[in-house]
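Trainee: I would like to go through this structure with you. Could we take it element by element?

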Amino acid sequence: MTPAGAGHADHCTGPARPSPAFLVRSEAGAKALGRVRGEVFRGDVTDAADIRGAVVGVDRLYLAHSFTEDQVAAETNLGLAAIEAGARRIIKLGARAFSGNGIVPDAVTSAHDAITERLRSAGVPELTVLQPDRFLQNFLPAAASIAKGTLADPAGPGARGYVDVRDVAEVAIAELLAAHPVGGEIEISGPQTLTLPVLCERFGAVLGRPVRHVDIPLDGAWRAALADRGITPQVIDGLQGLYSNYHQEGVAGLGDGVQRVLGRPPRSAEDFATDLLMPAVSAT
């Protein structure tokens, strides 16, 4: 997964609330939710008053946060406040662990590990950690480039189990609402490991046009391009470590989380391209 592409939305629901509550950091986050059934709290997780207002009556909590400098503090503050308020179940959006030789801990996955350890140490009765591979939806911002026939990406020559975030969401909801959740660590991936050139072929077959992968070296030009978009040096360092591990791992293992929790196969790259990428490309 590429966490920089994930949104910030912490979803809470519990018996003391007739409907879910959503804690978002910004007005943009609130708008991104659209119309929802439940309360929307806009607040800062570093502000104790904001957190207290959001977790009152919370029984079950979904924690999801993008990779930022304050991710560990943000998720930990909210998770611990919810536990203190009586929450008994937390679903934490994490990241798939790397395996193999030469893997160096990177800041992105390390942040998820640190948050998970704090939650476990706090003694939350029921903890589920979702561990998805790279999100297919992270390619949607490249729709204009894909429409012209290229997909530029720095993940290297390896193969990954690219996952549709709709599957991640459905697993999270199932774990939140289940009388007896699966719990523990749940690895989530697509049905196959695909290299980026093969992924582009799958996209092209659905779109009816050739799409080729353009490799982006993890060099100064790549870092400068991210900095020009306002991404901080610390986050750039974390992403460089993450992508370096993609290179080092080579072929990722597949996760069985969708089948195990939902009882069905995960969505494919073709499903994603048909349902979401094609409309995005057509709109460019």
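Trainee: Which residues does N245 touch, leaving aside those up to four places away in sequence?

Mentor: This is a predicted model. In it, N245 touches F98, I103, V104 and D106, not counting residues up to four places away in sequence.

Trainee: Where is N245 found?

Mentor: N245 is found in helix α9, which covers residues 233–249.

Trainee: And is N245 buried or exposed?

Mentor: N245 has a relative accessible area of 3%. Buried means under 20%, so N245 is buried.

Trainee: Which strands are joined to β5 by bridges?

Mentor: Strand β4, residues 60–63, is joined to β5 by 4 bridges, and these two run parallel. Strand β6, residues 126–132, is joined to β5 by 5 bridges, and this pair also runs parallel.

Trainee: Which residues are the bridge partners of I90 in those two strands?

Mentor: I90 of β5 is the bridge partner of L61. In β6, the bridge partner of I90 is L127.

Trainee: How does the chain cross from β4 to β5?

Mentor: The chain passes through helix α3, residues 71–84, in a right-handed β-α-β crossover. A right-handed β-α-β unit is also made by β5, helix α4 (residues 107–122) and β6.

Trainee: Are the faces of β4 covered or open?

Mentor: Both faces of β4 are covered. R60 and Y62 are buried on one side, and L61 and L63 are buried on the other.

Trainee: Back to α3, then. What does Q71 touch?

Mentor: Q71 lies in helix α3. Not counting residues up to four places away in sequence, Q71 touches H65, S66, K92, A111, H112 and I115.

Trainee: Is Q71 itself buried or exposed?

Mentor: Q71 counts as buried, because its relative accessibility is 1%.

Trainee: What about L78?

Mentor: L78 is also placed in helix α3. At 0% relative accessibility, L78 counts as buried.

Trainee: Which other strands pair in parallel?

Mentor: Strand β2, residues 21–24, and strand β3, residues 39–42, run parallel and are joined by 4 bridges. The bridge partner of L23 in β3 is F41. Together with helix α1, residues 27–33, β2 and β3 make a right-handed β-α-β unit.

Trainee: Changing topic, how do α7 and α11 pack?

Mentor: Helix α7 (residues 196–207) and helix α11 (residues 269–282) pack at an angle of about 60 degrees, and their axes are 9 Å apart. Their crossing is right-handed.

Trainee: Which residues make that contact?

Mentor: From α7, the contact is made by L199, R202, F203, V206 and L207. From α11, it is made by A269, E270, F272, A273, T274, L277, M278 and V281.

Trainee: What is found at the start of α8?

Mentor: Helix α8 covers residues 220–228, and at its start a side-chain oxygen of D219 reaches to within 3.2 Å of the backbone nitrogen of A221. Just after α8, G230 takes a positive phi of about 90 degrees.

Trainee: How accessible is R260?

Mentor: R260 counts as partly exposed, because its relative accessibility is 40%.

How values were computed: Residues numbered from 1 in each chain as written. Predicted model: local features only at pLDDT ≥ 70, side-chain atom pairs only at ≥ 80, totals over all residues. Heavy atoms only, no water. Polar contact = N/O pair within 3.5 Å; in protein donor to acceptor, adjacent residues only side chain to side chain. Pairing = 2+ DSSP bridges. Right-handed = clockwise from strand over helix to strand, strands pointing away. Buried < 20%, exposed > 50% of the residue type's maximum accessible area, 1.4 Å probe, protein only. Contact = heavy atoms within 4.5 Å. Axes fitted to C-alpha atoms, helices over the stretch in contact; angles between N-to-C directions. Left-handed = near helix turned anticlockwise from the far one by under 90°.
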